[in-house]
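Trainee: Before I use any labels for this protein, I would like to see what each one rests on. Can we go through them one at a time?

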Amino acid sequence: MTGNVGIGTTTPGAALGILAGNYGNAALVLSDTNNGVTAGVGIEFRVATSNKLARILPSLTAGGGGDLFFQMSADGSAAYDTKMTVRKAGNVGIGTTGPTALLSVGSAEAFKVTSLGAVTAATIDTGYGANELYGMDQNVLTSSSPAFAALTISSGNITLSGASA
């Protein structure tokens with residue numbers, strides 16, 4: 001089969017084009033007929049038909065509503081591993097499936113942002129024995145006598161440079 005398929009449109013711009021009639025309404029609804037399961041119908045991304053890349057999977061929670069799990073496959077054929085979780089209460093976890101703050105990063109939740117925007121539990125290993133990030137002002141305490149090193153974040157890389165008294 002060649003060509004594009006359109007639902008609600010006669011000019012689809014991709015292999016499947018869906019045009020919803022009303023703003024704010026879902027253009028696509030995925031449903032599971034097995035009401036007793038905790039995992040719902042997700043979206044899976046593959047190369048060809050067998051090389052698994054990633055998927056987004058909902059999960060029904062107690063009391064209704066649900067969470068979303070963003071998962072990836074390490075080698076394209078193995079089981080999926082959850083990389084990011086969005087809980088129904090709004091908490092987001094990166095590297096944790098049970099975030100306890102608005103944003104929790106890492107399996108030990110070493111970095112958290114509360115619902116008020118306060119950063120808590122922020123730690124960084126400077127290599128100088130101090131593991132605390134003070135005031136989020138790009139200065140890192142590197143010894144017991146306050147000497148600071150500049151913390152630079154660029155293109156995902158973190159660099160500490162020259163301590164000064």
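Mentor: Strand 3 gives the most to the nonpolar patch, with three residues. The model is predicted, so local features need pLDDT of at least 70 and side-chain atom pairs pLDDT 80 or more, while totals for chains, interfaces and linings use all residues. Residues are numbered from 1 along each chain as its sequence is written, and side-chain values use heavy atoms, leaving out hydrogens and water.

Trainee: Which residues form the nonpolar patch on the surface?

Mentor: Val5, Ile7, Leu16, Ile18, Leu28, Leu30, Val41, Ile43, Phe45, Val47 and Leu53, with about 900 Å² of accessible area together. Strand 1 (5-7), strand 2 (16-18) and strand 3 (43-47) are the elements that give two or more residues. Patch residues have over 30% relative accessible area and no salt bridge; nonpolar side chains (Val, Leu, Ile, Met, Phe, Trp, Tyr) are joined within 5 Å, like charges within 9 Å. Areas come from the Shrake-Rupley method with a 1.4 Å probe, and for residues only the protein chains shown count as cover.

Trainee: Why does Val5 count as partly exposed?

Mentor: Val5, in strand 1, has 35% relative accessibility, so Val5 counts as partly exposed. Buried means under 20%, exposed over 50%, and partly exposed is in between (1.4 Å probe, protein chains only).

Trainee: What makes Arg46 and Glu44 a salt bridge?

Mentor: Their closest N and O atoms are 2.5 Å apart. The criterion is a side-chain nitrogen of Lys or Arg within 4 Å of a carboxyl oxygen of Asp or Glu, so the pair qualifies. Arg46 is partly exposed at 38%, and Glu44 is partly exposed at 33%.

Trainee: How many salt bridges are there in the whole structure?

Mentor: A search finds three. Lys83 and Asp81 meet at 3.1 Å, N to O, and Arg87 and Asp67 at 2.3 Å. Arg87 lies in the loop between strand 6 (80-86) and strand 7 (92-94) and Asp67 in strand 5 (residues 66-73), so this pair ties together parts 20 residues apart in sequence.

Trainee: Why is Asp67 called buried?

Mentor: Asp67 has a relative accessible area of 5%, and therefore counts as buried. Arg87, at 27%, is partly exposed.

Trainee: How many helices and strands does the protein have?

Mentor: Zero helices and 13 strands. Helices (H or I, at least four residues) and strands (E, at least two) are DSSP runs, numbered from the N terminus. Of the 165 residues, 19% count as buried.
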